[in-house]
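Let's take a walk through this structure together, one feature at a time. Have the sequence and the model open side by side as you read.

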Amino acid sequence: MMAGTKVISVGVVLIFGVLGCVSCLEADSRDVVEGQSIRLTCRFSQYRSGQVRVYWMRIKPTNTDILTVNNDSHADSLYKVDFKPDEGRNDLTILRAEYEKDNCQFECRFKNGGELSYTVIAAFSVTVLIPPGPPQITPPKPVAREGETFALSCMSQGGSPDPIVQWYREDVPLQAQLQKGGSRDRPTTSVLSINPRMEDDNATYRCAVWNRAIPEELKMEATVVLRVQYAPRIKVGPFNPLRIMVNADATLTCLVNANPSTRTVRWLKSGQLLSHTMNHTIPSVKPEDSGTYTCVAENGIGEATQINLELAVLFGPTVNLLPEKEVSLGESLAVKCNVASYPPPHTIEWMKENDPFFRQSGDTLRLESVSSEDSGRYFCKATTTARPSGSSMQRESSSNSSILINIRHKPGETVIQPATLEAVTGKPFTLMCSAKPPGYPLPEYRWWKEGQEKVELSRKANYTLLSAHVSHEGQYYCQTQNSLGYGSIASAYLTVYEPVSLTIPLRPQVIRKETDTNFSITCRARGKPIPQVQWVHNGQTIPADSGFFKIITTNSIEDNNVNSLQSTLVFEGRDRKNGRLTSEDRGKYSCVYDNGFGEVTSTLTLKVEHSPIVKHTYNRVAFDLRETAVLKCIMQAYPEPVFEWFHYGRGLDNYGNHGTNVTDIGGDTYVGVLSIKDLTENDYGEYTCRSWNQIGDKKTIIKLVKKGVPERPSNIELVDASSDKITLRWTEGFNGGFSSTEYLITYWPANENVKGRNESCRSQNVCEIIGLQSETEYKFKVLAVNPRGYSPYSEEIIIKTKPNLRDLPRAIDAHFDKETSQLTFAVDLLPIPLLAKVQARYADSEEWIHQKYIEIDTPEKKVYLKPGDQSFSDVRVTLCLQSNESWCGDAKIASPFDDSAPRSVETAGVRVENMYVIITIAGCVSVAAIIAFICYYMCRKSNQGNKKKQEIKTLNAGPPPVALPYYSEENLTKHGDVLDSNPKGNIYMTGMPDGPNDHMCPGSNDHGLMYPGDRDLGSCMGPNSHLNMLLKNGDIPDGSYYPFEGEMVNDYYSGNDFKPVNNDMMNMKNREHLRMYFIYFFCLYKNISKNLELLILP
């Protein structure tokens, strides 16, 4: 609503006379939309008919009209009065309000009949509402210039009341100058003054217009975008200042923001134009490129804009010094270190060559009262740290230069190097002469040899023998001198060694006959020092005490103390029968000379003519019917022998199903081969191999049999033993015709009556048994297994494992008395011999000093130490093996001696009553342990069968049982090993009527078990059965896998079930049943130990 218009009391000339206002009111503002009606209320009192008049007045700026007097209307029909004097009401209704007549002030007046003045009892300022016209902004496309005031006008035509005109920028209201129109026929204008800046460019200005005739949400708006022209804004970079490493490319960037766009961009340095581009690149910057660079831009708005960029080229440091400087003794010296660098170096340091303790800081080297020791090369080192722009890492660079300081002085003590003069003949050798101090000016040198003083060998610092000779050996002298004096005379003895060389080599080859006597071979070599000689036969060194040879060596001294060593190998000795040669003497003989400066070898090949000698191991081969049999006859002979084959007196040659050939396998050894195709029963039997040469002949019989079980191994022996493993080997028996023959070792503790454990060695003769207990005796025996069966066991061997270092005890009690230097300690005696190693250390040292070794023969030891002037702070005792002092247990550090503490093991006992309790508890626990063990074993036996059945039925749940090698019929037939017709029968134990296994259990199938288990043994107890033979010897094989009490499902084995026994399976599986026992006894031991501890402690 508009503010009320104050009514001014004015005289109004009426047809009734002149009236005066005695009571005036502020007009109440009332709005009415053009064409609508409005009611103006008027209330009064004390009305007397005929005496009082109430009337409405319309007041305009130009005239005043009386509309009604009481109930009489003086206006047109557009005004209606509601006059009720008795109610004190005189309301005026304006019908269809019009702007021209009703947009003014209306008053309701009260006047007594006789009075000239009136009273205004109601006043209204009526506004007829008319919407304003839409806003119009001028100029419509404004363009301003930075720094010059600019005006935007927003005009709205008409409207009642005068419209509100508001400017906005980004929804922020702005203050502007408003020029009201005052009527509907005149425009209302708002002028916005702007001081343009670059930030105002492209700014949006909005003008909003509204009045009471329209709601605010429907107010009218107009927008305009202001373009501001401004001078260039410049940003240089990428950094300012810009730091660039020397020899890198520097790119100077000039980013320009201007409206209108710039006309030109220029890069200047010191007023000199460089380029017209935004980016100016300087390739491989140099230090002289450092300086101020200016970017200049202009666009016609104001003056040209320019910004400076500082370019700093990081370089150096570069150190420059004079190459050398000369100064006399006693003078002072100052040398300036010239350093070029940016940034400047933060450290300049002087150092001296070969003097790690010399250091001076600063750019000037100062030496006062110089001496000859000050001579030398000095280095100036400068260090600077730089960080290029944009890098987070600092780069430290250093550079140095040197100057040679020469102190004028005469040479000092002369020295000949190297310290040990040892030359080798034929090679160059250099003797070097120098002086300390060397002297300046640089000295001259003079070399001569003892006995040849007048012969000058050289005038240089180094005297070189181009090719040393033993005649060059002797005493050499050198002296230095310069213009200031002479140095001392130095001497050194040159020793010349001569590498060993052969003077009389061995002949390449010698042929002798067997039984020749008085045979020897000789070689000679010379060298200095005296060579050592060795004789080698077929790669093996012949010992000096050999029973088959005698070595005679003589030495003679030649010129210049060179040794000439002759060695003769005589083929005679205590073990050689009548001094005769044998076929075993054949081969290569070498004499090897070595004197530390060279080694030479001369080799002779000795051929011994002899008749053939049989070299094959077995005179038996095994093949089955329809196979091709191959009989090999191996003979050693020289000259080469001829082979002939006979079968029961009938000569055999390359015809029919027979074939022969001979192969030279080296070492005068030959293999005669007889092959027989498609064997028949008539082909089995004895074959005679005859081999002969010019010296004689040799016959041997080779028996061809059918394949069968292997022969018993023999001569089992120890190869190596440690604390937890044993390595064995044996002599193999005939393999029954199968190269796949494997070996099984059975072993058990020698002092325990327990079932043995098995270890499969596969086809390896040398076999390692692991997982053994230390210091324990074990019994071992071995048998052979092939697809036709197994051999009897070999003889037994008893072997004891070595002690384990981890089992070595620790001293259980140790005390050291510092006052008396007495050490007391106690140990638990073991059956192995032990030493106590005593060590001590002082308070200010971490080093343990060995004191002595003490043999352990009693539970308690006392020893007195000798610490010297200072007492030991700590003493420790370590127990070691007497056989190897480096094998020791953990050390025990002695505690300080305490009189209140027990001095010995005997006095540190437990109370008698506690001892009774301990014995009682230990006995009860032992009985309980035995009962628990028996119960556990019985339960395990009763559940074993069901468990095995379940494992078999769920075959896929785990690996098949470990068994001796199984070969399917298909595989055996493939290699020509035809077995019985029983499909999937047991290869090892299944009966084979009239076959090689007829000594086994006939008609039974034990599924690969090497012993029958709990089943009936009646059928296996024949007089020729292998089991019976073993029972007679009291020896039943333990089998190659677990005892199996459960029944086997039908067709359990197939050709693909073959699982050879391997080390991991045998060792792990055979020990698995011991795990529960071990865990049980371990827990029992821990409980007993804990109870004993509680009882023993006071």
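Start at the bond between Cys-42 and Cys-108: the link is left-handed, with -75° about the S-S bond. Keep in mind as we go that this is a predicted model. The sulfur atoms of Cys-42 and Cys-108 are 1.9 Å apart, which makes a disulfide. Cys-42 sits in the loop between β4 (38–40) and β5 (52–59), while Cys-108 belongs to strand β10 (residues 105–112), so the bond ties together parts that are 66 residues apart in sequence. Both Cys-42 and Cys-108 are buried.

How many disulfides does a search of the whole structure find? The count is 9. Another one of them joins Cys-433 to Cys-478, with the sulfurs 2.0 Å apart. Here the angle about the S-S bond is -95°, again a left-handed link. Cys-433 comes from strand β38 (residues 429–436) and Cys-478 from strand β41 (residues 474–482), and the two are 45 residues apart. Cys-433 and Cys-478 are both buried.

Further along, Cys-761 is bonded to Cys-767 at an S to S distance of 2.0 Å. This link is left-handed too, at -85° about the S-S bond. Cys-761 has a relative accessible area of 4%, so it is buried, and Cys-767, at 4% relative accessibility, counts as buried as well.

Now for the rings. Searching the whole structure turns up 19 aromatic pairs. Take Trp-447 and Tyr-463: their ring centres are 6.0 Å apart and their planes meet at 35°, so the pair counts as tilted. Trp-447 is in strand β39 (residues 444–449) and Tyr-463 is in strand β40 (residues 462–465), so this pair ties together parts 16 residues apart in sequence. Trp-447 is buried at a relative accessible area of 0%, and Tyr-463 is buried at 15%.

Trp-730 and Tyr-743 make another tilted pair, with ring centres 5.4 Å apart and planes at 55°. Trp-730 and Tyr-743 are both buried.

Ring pairs can also chain up: Phe-519, Phe-549, Phe-571 and Tyr-589 are linked into a cluster this way. The charged end of Lys-219 sits over the ring of Trp-210, 4.8 Å from its centre, and that of Lys-707 sits over the ring of Phe-738, 4.9 Å from its centre.

Is Ser-774 buried or exposed? Its relative accessible area is 16%, so Ser-774 is buried. Beyond its neighbours within four places in sequence, Ser-774 has contacts that include Ser-723, Thr-801 and Asp-807.

Finally, look at an open sheet of 4 strands, ordered β71-β68-β67-β74 with mixed pairing. Strands β71 (860–864) and β74 (895–896) stand at the edges with a single partner strand each, so one side of each has no neighbour in the sheet. Strand β68 (residues 822–826) runs antiparallel to β71, joined by 5 bridges; in one of the pairings, Phe-825 is the bridge partner of Lys-861 in β71. Lys-861 also touches Glu-855, a residue of strand β70 (residues 849–855). The C-alpha atoms of Glu-855 and Leu-835 are separated by 4.6 Å, although the two residues are 20 apart along the chain.

How values were computed
Residues are numbered from 1 along each chain as its sequence is written. This is a predicted model: local features need pLDDT of at least 70, side-chain atom pairs count only at pLDDT 80 or more; totals for chains, interfaces and linings use all residues. Side-chain values use heavy atoms; hydrogens and water are left out. Rings of Phe, Tyr and Trp (its six-membered ring) pair if their centres lie within 6.5 Å; planes under 30 degrees apart count as stacked, over 60 as edge-to-face and the rest as tilted. Buried means under 20% relative accessible area, exposed over 50%, partly exposed in between (1.4 Å probe, protein chains only). A charge sits over a ring if NZ of Lys or CZ of Arg is within 6 Å of the ring centre and within 35 degrees of the ring normal. Contact means heavy atoms within 4.5 Å. Two strands pair if DSSP finds at least two bridges between them. A disulfide is a pair of cysteine sulfur atoms within 2.5 Å.
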